[in-house]
Amino acid sequence: MTTWRGKRALITGASSGIGAAVARRLAAEGIDVILTARRRQRLEEVARSIVGAGGRADILPADLGSAEAREALVRDLLAARPGGVDLLVNNAGFGYGADFAAMPWATMAAMLEVNVGAIVHLTRLLLPPMLERRSGWIVNIASIAGEIPGPPLSLYCASKAMVQALSEALYREYRQRGIYIGMVNPGPVATPFWAVAAGWEAKRWHHFGVSAERVAEAVWWAIRHRRKRVYVPWGMRVVRWLNLLAAPVVDRAIPWFLRGPGKQMMHR
Ligand SMILES: NC(=O)c1ccc[n+]([C@@H]2O[C@H](COP(=O)([O-])OP(=O)(O)OC[C@H]3O[C@@H](n4cnc5c(N)ncnc54)[C@H](OP(=O)(O)O)[C@@H]3O)[C@@H](O)[C@H]2O)c1
């Protein structure tokens, strides 16, 4: 039986949505949570709510789109806690709905850095101390978008497919060495993600979306049961098979399903 109380977790993208809900969920189990994202004030609010509920939370603001900032984040974290963390939840990410050929390169590069680069880099930096202890849990927040890719979120979907492939490979690489690495694939979730990514028809998705708390529950379940691939809601797993078995239908349906007038605003 694992004793969770007193374990330490770093949660990225903890200023909002799923990350904030995961931080609250882990803190409720007695896990000391370290919250990171760019917006300090939002991180402070989430940390205050955790402490108010009897948990322990620290913040380390960082822009995960920069390799230097990621290194500085881990340096600060290791200075305060030489053993690193027991759990890492790689959650930070954003989408951008646009015609691929019209998408600004700066936005494309930032998306690859945050959605993929940060996961690769933080895992690379924080895994070695876990391996020394032969104990650690890493959960990557991917998406069903990685399994049914299409416009106008083409690059976003591709970034999530990479997260899925990496998570699966690392699950196989480290499971015999005491380390659990898995992924959670949400369908639409009612968070500010859609306002950031789409701007268009955000309300439609808010109607559809499950709550961030439900995703946080799935993350906690994945950790406890060391599950390689978890879907929220559970039925979303059919999407993977739909894409494989009904490709000609999906080719026509996906652009229609995710249609929108295109991106009006830059990401934060
Ligand atoms: N909502 C959905 O329907 C859905 C579905 C499947 C998967 N997901 C995935 O779930 C994850 C969380 O999304 P969410 O729905 O909770 O959206 P959200 O509420 O917009 O949260 C995104 C988080 O990522 C952080 N972030 C973005 N860019 C960053 C950067 N450069 N440096 C550091 N942090 C950054 C944001 O913090 P700051 O702005 O403060 O930096 C924020 O905390 C994402 O990976 C997303 O792809 C979402």
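The expected span of a helix is 1.5 Å times one less than its number of residues. Helices (H or I, at least four residues) and strands (E, at least two) are DSSP runs, numbered from the N terminus. By this rule the 12 residues of α1 should span 16 Å, and the end C-alpha atoms of α1 are 17 Å apart, which agrees.

The model is a predicted one, in which local features need pLDDT of at least 70 and side-chain atom pairs count only at pLDDT 80 or more, while totals for chains, interfaces and linings use all residues. Residues are numbered from 1 along each chain as its sequence is written.

Consider the whole chain. The chain has 10 helices and seven strands. Its radius of gyration (taken over C-alpha atoms) is 18 Å, close to the 18 Å that the globule rule (2.2 Å times the number of residues to the power 0.38) gives for 268 residues, so the chain is as compact as a globular protein of that length. The C-alpha trace spans about 50 × 40 × 35 Å along its principal axes. A residue is buried if 20 or more other C-beta atoms, placed from the backbone, lie within 10 Å of its own, exposed if 12 or fewer, and partly exposed in between. Of the 268 residues in the chain, 43% are buried.

Helix α1 is mostly covered, with 11 of its 12 residues buried. Among them are G17, I18, A23 and L26. Just after α1, G30 takes a positive phi of about 90°.

A nonpolar core is a set of buried Ala, Val, Leu, Ile, Met, Phe, Trp, Tyr and Cys residues joined through C-beta atoms within 7 Å. The largest such core has 77 residues, and A9, A23, V33, L35, V184, V215 and V219 touch the most other members. Helix α4 (residues 105-133) gives the largest share of this core, eight residues. Two residues are in contact if their C-beta atoms, placed from the backbone, lie within 7 Å. Leaving aside neighbours within four places in sequence, the contacts of V215 include I18, A21 and V184.

Strand β6 (residues 179-186) holds I181. I181 counts as buried because it has 26 C-beta neighbours inside 10 Å. The C-alpha atoms of I181 and W137 are separated by 6.0 Å, although the two residues are 44 residues apart along the chain.

W234 lies in the loop between β7 (229-232) and α9 (238-245), and W234 is exposed, with 9 other C-beta atoms within 10 Å. P233 is found in the loop between β7 and α9, and a cis peptide bond with omega about -10° joins V232 and P233. The bond from P151 to P152 is also cis, with omega near 5°. In the loop between α4 and β5, R134 has a positive phi near 55°. R134 counts as exposed, with 10 C-beta neighbours inside 10 Å.
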